[in-house]
Amino acid sequence: MADHPWLQAAAIEYWRLLMEVVGACQPSGLSRGDLLDRCASTWGLVYGIARLDIHGKIPQTVPADPVALVHSGIDAIYRGWQE
C-alpha cells in the first residue's frame with residue numbers, strides 16, 4: 001500500500017473509524033490491546049463475508065443475503081462483548 005498513498009490514507013481513516021465505533025460498544029476499562037483484537041475480529045467478519053459473496057462462495061441454500069449475514073454476525077459479536 002506504500003505505493004498508493006491515497007489507499008493507505010483511506011485504510012488508516014477506515015481503521016480509525018472502526019476503532020471509534022467498536023470502542024463505543026465496549027464496557028469501560030477495556031484495554032487497548034483488547035480493543036484492537038475486537039476491531040480485527042469485526043473487520044475479519046465483514047471482510048470475510050464480502051469476499052465470500054464476491055466470489056459466489058456463499059451457498060445458495062443460505063437464506064440470508066450478505067448484508068443480513070453481516071448484521072447477524074455483528075450482533076453475535078456484540079452480545080459476546082457484553083458477557
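Me: How many disulfides does the count come to by the distance rule?

Reply: A disulfide is a pair of cysteine sulfur atoms within 2.5 Å. By this rule the count is zero. Cys25 takes part in no disulfide, and the nearest cysteine sulfur, that of Cys39, is 10.0 Å away. Before going on, note that this is a predicted model, in which local features need pLDDT of at least 70 and side-chain atom pairs count only at pLDDT 80 or more, while totals for chains, interfaces and linings use all residues. Residues are numbered from 1 along each chain as its sequence is written, and side-chain values use heavy atoms, with hydrogens and water left out.

Me: Is Cys39 buried or exposed?

Reply: The classes rest on relative accessible area: buried is under 20%, exposed is over 50%, and partly exposed is in between (1.4 Å probe, protein chains only). Cys39 has 0% relative accessibility, so Cys39 counts as buried. Cys25, with a relative accessible area of 27%, is partly exposed.

Me: How many salt bridges does the structure hold?

Reply: Side chains of opposite charge can pair when their charged atoms come close. The rule here asks for a side-chain nitrogen of Lys or Arg within 4 Å of a carboxyl oxygen of Asp or Glu. The structure holds two such bridges. One joins Arg16 and Glu13, at 2.6 Å from N to O. Another joins Glu20 and Arg16, at 2.8 Å from N to O.

Me: How many aromatic pairs does a search of the whole structure find?

Reply: A pair of aromatic rings is described by the distance of the centres and the angle of the planes. Rings of Phe, Tyr and Trp (its six-membered ring) pair if their centres lie within 6.5 Å; planes under 30 degrees apart count as stacked, over 60 as edge-to-face, and the rest as tilted. The search finds one pair. The ring centres of Trp43 and Tyr47 are 5.1 Å apart and the planes are at 20°, so this pair is stacked. Both residues lie in helix α2, four residues apart, about one turn of the helix. Trp43 is partly exposed at 48% relative accessible area, and Tyr47 is partly exposed at 42%.

Me: Which residues lie nearest the centre of the largest pocket?

Reply: On a 1 Å grid over the protein atoms alone, a pocket is an open set of points where a 1.4 Å probe fits, with protein on both sides within 12 Å along at least five of seven lines; lining residues have an atom within 4 Å of a point. Of the 14 lining residues, Leu18, Val22, Thr42, Trp43 and Val46 lie nearest the centre. The pocket holds about 330 Å³ of space, where the volume is the space filled by probe spheres set on the points, joined across faces, edges and corners.

Me: Which helix gives the most to the lining, and what are its residue classes?

Reply: α1 gives the most, with six residues. α1 (5-24), α2 (32-54) and α3 (66-81) each supply at least two. For classes, Ala, Val, Leu, Ile, Met, Phe, Trp, Tyr, Cys and Pro count as nonpolar, Asp, Glu, Lys and Arg as charged, and the others, Gly among them, as polar. The lining has 13 nonpolar residues, one polar and no charged.
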